Amino acid sequence: MGVIVITGGSRGIGARTAEQVAQRGMGVILTYNQHPDAADEVVRRITEAGGKAVALKLDVADVGSFEAFRAAVLAALRQSWDTTTLAGLVNNAGYGLFNPLESVSEAQFDGLFDVHLKGPFFLTQTFLPHLEEGASIVNLTSATTRVATAGVAPYAAFKGGLEVLTRYMAKEFGDRRIRANAVSPGAIRTELGGGLDDEFEAMLAAQTALGRVGEPDDVARVIAMLLSDDGAWINAQTLEVAGGYII
Ligand SMILES: NC(=O)c1ccc[n+]([C@@H]2O[C@H](COP(=O)([O-])OP(=O)(O)OC[C@H]3O[C@@H](n4cnc5c(N)ncnc54)[C@H](OP(=O)(O)O)[C@@H]3O)[C@@H](O)[C@H]2O)c1
């Protein structure tokens with residue numbers, strides 16, 4: 001079983017994905033940005049459960065740091081797994097921002113663009129030479145690409161761009177049997193954008209066929225499936241994982 005890089009693995013969906021992936025016998029390199037302690041805690045839980053994980057610092061918005069990050073990943077691969085290749089990459093790191101379109105600043109627009117579209121583009125490009133034949137790329141997008149949700153226009157637009165980019169990755173990497181899919185969560189109970197208050201959560205649950213918001217594990221299990229052989233014939237898709245949100 002190979003090793004997977006998961007960005008934003010210190011909290012929320014990324015942290016649960018790291019644990020689900022490790023449970024299936026894969027190695028995990030998870031990244032953190034501002035919360036090294038949370039990342040260490042994820043590594044501790046994985047190690048305690050008999051898996052293997054390493055946490056590295058990465059700011060997905062800082063493309064200039066990707067060469068140094070690549071070197072750190074390769075060093076970790078050699079040291080902990082005696083390999084130089086990766087079985088997968090999960091572009092998960094992200095943040096939310098509520099602001100009506102009319103008052104979004106250029107800095108807010110650029111910040112969201114850097115993390116949700118530019119970062120995944122160049123991080124994937126950086127690791128392409130190290131992905132094994134048959135490797136799997138998973139890009140985290142959002143159900144806001146399907147359902148227009150007032151206040152998240154740039155976020156949703158860049159996630160939509162990431163869904164298009166996912167299909168281009170599948171097209172251009174297919175000759176190396178590398179798959180690329182997008183996982184598009186509905187509302188998930190994490191700290192994204194400051195988390196969900198009770199009233200907002202109740203409204204979202206009422207709009208969901210299965211009658212609740214999602215948990216990080218609901219999404220993490222699907223990502224882990226796409227990284228495993230169970231997902232070997234799924235390619236170039238956007239899988240909405242939302243319990244039937246506004247259908
Ligand atoms: N939660 C939802 O309802 C929902 C719905 C649809 C899509 N999504 C998408 O799912 C993904 C994960 O979201 P989540 O809900 O798990 O969020 P979360 O609980 O807030 O966790 C975000 C993770 O991303 C990392 N991160 C944030 N900015 C970063 C940056 N500039 N560089 C590197 N890492 C960065 C954080 O690292 P540190 O904490 O170490 O800084 C953290 O590990 C995101 O792409 C999000 O857009 C979430």
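Which helices each supply at least two residues of the shell around the ligand? They are H1 (12–23), H4 (106–127) and H5 (153–173). Helices here are DSSP runs (H or I, at least four residues), numbered from the N terminus.

This is a predicted model: local features need pLDDT of at least 70, side-chain atom pairs count only at pLDDT 80 or more, and totals for chains, interfaces and linings use all residues. Residues are numbered from 1 along each chain as its sequence is written, and side-chain values use heavy atoms, without hydrogens and water.

The shell holds 30 residues. Ser10, Arg11, Asn92, Tyr155 and Thr190 are the closest. By class, twelve are nonpolar, 14 polar and four charged.

| Residue | Protein side | Distance |
|---|---|---|
| Ser10 | side-chain N or O atom | 2.7 Å |
| Ile188 | polar backbone atom | 2.8 Å |
| Leu192 | polar backbone atom | 3.5 Å |

Taken alone, the ligand exposes 910 Å², and the protein buries 94% of that. Areas use the Shrake-Rupley method with a 1.4 Å probe.

The whole structure has five aromatic pairs (ring centres within 6.5 Å). Phe69 and Phe127 have ring centres 5.7 Å apart and planes at 85 degrees, so they are edge-to-face (planes over 60 degrees apart). This pair links distant parts of the chain. Phe69 sits in helix H3 (residues 66–81) and Phe127 in helix H4, 58 residues apart.

Notes
A residue is near a molecule or strand if one of its heavy atoms lies within 4 Å of it. A polar contact is a pair of N or O atoms within 3.5 Å; within protein, one must be able to donate a hydrogen and the other to accept it, and residues adjacent in sequence count only if both atoms are side-chain atoms. Ala, Val, Leu, Ile, Met, Phe, Trp, Tyr, Cys and Pro count as nonpolar, Asp, Glu, Lys and Arg as charged, and the others, Gly among them, as polar. Rings of Phe, Tyr and Trp (its six-membered ring) pair if their centres lie within 6.5 Å; planes under 30 degrees apart count as stacked, over 60 as edge-to-face and the rest as tilted.
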